[in-house]
Amino acid sequence: MDKLNSNAPTGPLENRWEKHKFDLSLIAPQNRKKYNIIVIGTGLAGASLCATLGEAGYNVQSFCYNDSPRRAHSIAAQGGVNASKNYQNDGDSTWRLFYDTIKGGDFRARESNIYRLAQLSCNIIDQAVSQGVPFAREYSGYLANRSFGGTQVSRTFYARGQTGQQLLLGAYSSMSKEIASGRVKHKSRCEMLEVIIIDGKARGIVVRDLITGEISSHLADCVVMCTGGYSNAYYLSTNAKGCNTSATWRAHKNGAYFANPSFTQIHPTCVPPTGDSQSKLTLMSESLRNDGRIWAPKNIEDCDKNPNDIPDKDRDYFLERMYPAFANLVPRDIASRALKGICDEGRGVGSVVNNQRLGVYLDFSSVIQKMGAEKVKEKYGNLFDMYESITGENPYEVPMKIYPAPHYTMGGLWVDYNLMTTIDGLFACGEANFSDHGANRLGASALMQGLADGYFVAPQTVANYLAKGKFEEISHDHPEVISSVESVKNRIESLMNAPEPKHSPDYFHRKIGSILWTSCGMARDKDSLKKAIKSIEQIKIDFWKNIKVTGSDNDFNQTLEKAGRVADFIELGHLMCVDALDREESCGAHARLEYLAESGDAMRDDENFGYVAAWEFNENEPTLHKEHLDFEFIKPTYRDYK
Amino acid sequence: MNFTLHIWRQKNTNSSGQFVTFNVTDIDSDTSFLEMLDQLNEDLIEKGEDCVVFDYDCREGICGTCSLVINGHPHGEKKATTTCQLYMRDYSDQSELWIEPWRAKSFPIVKDLAVKREAFDRIIQSGGFISTSVGSAPEANSQLVNKEDADCAFDSAICIGCGACVAVCPNASASLFVAAKINHFQRLPQGKIESTMRAERMINQMEQEGFGSCSNHRHCETVCPKEISVSNIAAMNKIL
């Protein structure tokens, strides 16, 4: 149990991070070049960490699966990044951002971590501006803000609908500066397939070169995983096609606990699915909810009509009706559940998929009337264009259709206040860890967390770990290194040579995805989770018997890459269901049908489930460890957005 | 819908390649171009053959990974669009499609339709940044930025680094890519200080990587999925 010591400092909340930083050990500038650090992934967390560690003078080895570090999926984040600057003088503060985040997460995260995140939010904006991130500005030259999903203050900084792209390119440019300096050595098109653990410490990784198929070991004094989330377990999600859980799952199988795997966010404003060939879903920024009004026809018989022919009196602006205070801006989990409810009633619109119309309208006609099309274009132009290119419909004339899609995973590797996993020397940053968003993440908080971890938290805590430890030189023929490389090779061998090769990786990916979407998506219940667990166990057996990978493993082979990732998603999917079954309450995005109020609101059970569920891997069944959450400063309340 | 595909296949950088013809049938019109290729690959797995390698990731037009020349046009004929955002409804049924990789000396083919674009990364490493360090940044609003400058910087900063500008250029020049980055920083007070040195270094690196020079064909602007203007190149030339 002592493994789950959060190492969170005590004392007044405001001083905790400062005090903790002072207590951390430092490494003198002239000694830093003696230390080697591996960073996997080059999204916001990974790129910002590489840049910062490089600037400090450490030797960094960085890896990504893309063909360039600039392509990590952080680039697709649209809406913005929160910071409690209170530039708008609307009552914002560190405390309010902290409060909103902890409440938004339905009181399933640590107070200390979230307060630190809120404090660091302001430094992120300063840092990004100094890197040349072209945030939106007022005519006065000051930075502009907007309000964003689930908050009553304007604290979101944005660069049109491409905030993630601009922040990532900022971090990438700083990282590039350090690659030029020689302190960061980067390798693209490499996939991490194993962690090397020696004497209980993470000391390296095994990677596959995706072009040549070569398997190689890389050694260091510690390893940081910035490898993102696992929404692609659902097959259809808003993540990039390559996003995967393999790095985090390898870490888990080597002893890192996986926390709250069932906490997955289903984002309300995505382009609805249309058919079987679909390979991914596209998010439409939730900033659209600031001005767009969400509605569905009141009468089922209107569902296939042209929406412009349905008079206002026959429209149900259901979020405004159900949640008058927050209306169209209720947090994501609440909006998604309401939307699903409407479609389940049969009042959905758009294409019929599996005998159901999956979509509701997001309508801009009233704001176009009020502000004029030009103003709307300036604010949302690129999003409208994107919608039109996907659907072939013009949202200036016909209301958009939206439906929820898997988007972000709050769960991830369990980490302490120092962002270290239960394996010594193995750290996890950004979406790869579980730390800050509890059971639901608020809009514009993912970029904030990735960058806080990478620019400000991990550089300090990693240095402390290095300063306190002793690291003997390890050679590539150390028995642990050899056995890790062997296990990667054996696994690839099994993927290439299944006993009865029959089905492609995508075949299995769709299967596991559909089970998770139905049983571990927006609504969960005991019976269907139990059934799902059984089916997934069978899929795992079938997978290893029937997986068919063509081509060679000594070559650029995208089928082999997919097969390895799907194998890990199947095992993770199992754990997601086990976790969802264990948590007999509803909280945030985790909606157990048995524990929903009649209004559809989540009924939390703080007494029995006020904990982080951290799962330990065992060959037979996972072991649950609990980190109890204490709320010293905020009294958990019912999350009322009415 | 049914299509005849002529796809460039090449084992690796050092081998020679050729077009191979495939037929895909029963494609739904709402299928995206890359999903159509996914279906082809599913058919190839079924037959026990090696799949066609092509680059993709976000499939929403922002990561810059996808890169096909379709019937002679980088990212297809549709304006302001990446390959991943093309839909088969834009093509006529029974048509023939010629699908090739980016072709430029500085972007060697890795396999089939995938190329290596690390030259772009090295150009950024040569100077495509502001030399600031974490922790040293002043309060964000302490330096005001004219809105027009911020907007212009943004218009240059949205480059996704896909390389279509190079693929279409008769000189295989990376001028638009380089100029967009130089202008992005030049328009902002934070980046202006290093402008001349940055431009010299990046242009020098571009030449070292084997990219050609700009001779005003302006094809780059036409195929750029983010519609980055060639006026960036003129502005870059003024800095030197």
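Predicted model: local features only at pLDDT ≥ 70, side-chain atom pairs only at ≥ 80, totals over all residues.
Helices (at least four residues) and strands (at least two) are DSSP runs, numbered from the N terminus.

Entry 1: The mean pLDDT of chain B is 97, and 100% of the residues in chain B reach 70 or more. For the complex, the predictor gives an ipTM of 0.98 together with a pTM of 0.97.

Entry 2: I looked up the extent of chain B, whose C-alpha trace spans about 60 × 35 × 35 Å along the principal axes. Of the 240 residues in chain B, 53% are buried. Among the contacts in chain B with a separation of 6 or more, I found that 70% are between residues 24 or more positions apart. The domain assignment divides chain B into domain 1, covering 3-111, and domain 2, covering 118-239. I then looked up how far apart the C-alpha centres of these two domains of chain B lie, and the value is 28 Å. Where the two domains of chain B meet, 18 residues of domain 1 are in contact with 16 residues of domain 2. Sorting the domain 1 side of that meeting by class, I wrote down eight nonpolar, eight polar and two charged residues.

**Entry 3: chain A as a whole.** For chain A I counted 16 helices and 21 strands, and the C-alpha atoms of chain A fill a box of roughly 75 × 60 × 50 Å along the principal axes. I wanted to set chain A against a simple rule: a compact globule of 642 residues would have a radius of gyration near 26 Å, and chain A, with 24 Å, agrees with this. Buried residues make up 61% of the 642 residues in chain A. Of the contacts in chain A with a separation of 6 or more, residues 24 or more positions apart account for 74%.

**Entry 4: a hairpin in chain A.** I followed strand S7 (residues 201-209) of chain A, which runs antiparallel to strand S8 (residues 215-219) of chain A and is joined to S8 by five bridges. Within this pair, I found Val207(A) standing opposite Ser216(A) in S8(A). S7(A) and S8(A) form a hairpin with five residues between them, and in the turn Gly213(A) has a positive phi of about 80 degrees.

**Entry 5: one histidine.** I located His625(A) in strand S21 (residues 623-628) of chain A. Is His625(A) exposed, partly exposed or buried? A residue is buried if 20 or more other C-beta atoms lie within 10 Å of its own and exposed if 12 or fewer do, so His625(A), with 18 C-beta neighbours inside 10 Å, counts as partly exposed. I also looked up His625(A) against Tyr257(A), which is 368 residues away along the chain, and the C-alpha atoms of the two are separated by 8.6 Å.

**Entry 6: where the chains touch.** How many residues of chain A are in contact with chain B? I found that 62 residues of chain A are in contact with 65 residues of chain B. The elements giving two or more residues to the chain A side include helix H2 (44-56), helix H4 (111-130) and helix H5 (163-181) of chain A. H5(A) gives the most to this side, with nine residues. By class, the chain A side divides into 19 nonpolar, 30 polar and 13 charged residues.

Terms used: Residues numbered from 1 in each chain as written. Chains lettered and ligands numbered in written order. Domains from an automatic or database assignment. Contact = placed C-beta atoms within 7 Å. Nonpolar A, V, L, I, M, F, W, Y, C, P; charged D, E, K, R; others polar. pLDDT = per-residue confidence, 0-100. Rg over C-alpha atoms; globule rule 2.2 N^0.38 Å. Pairing = 2+ DSSP bridges.
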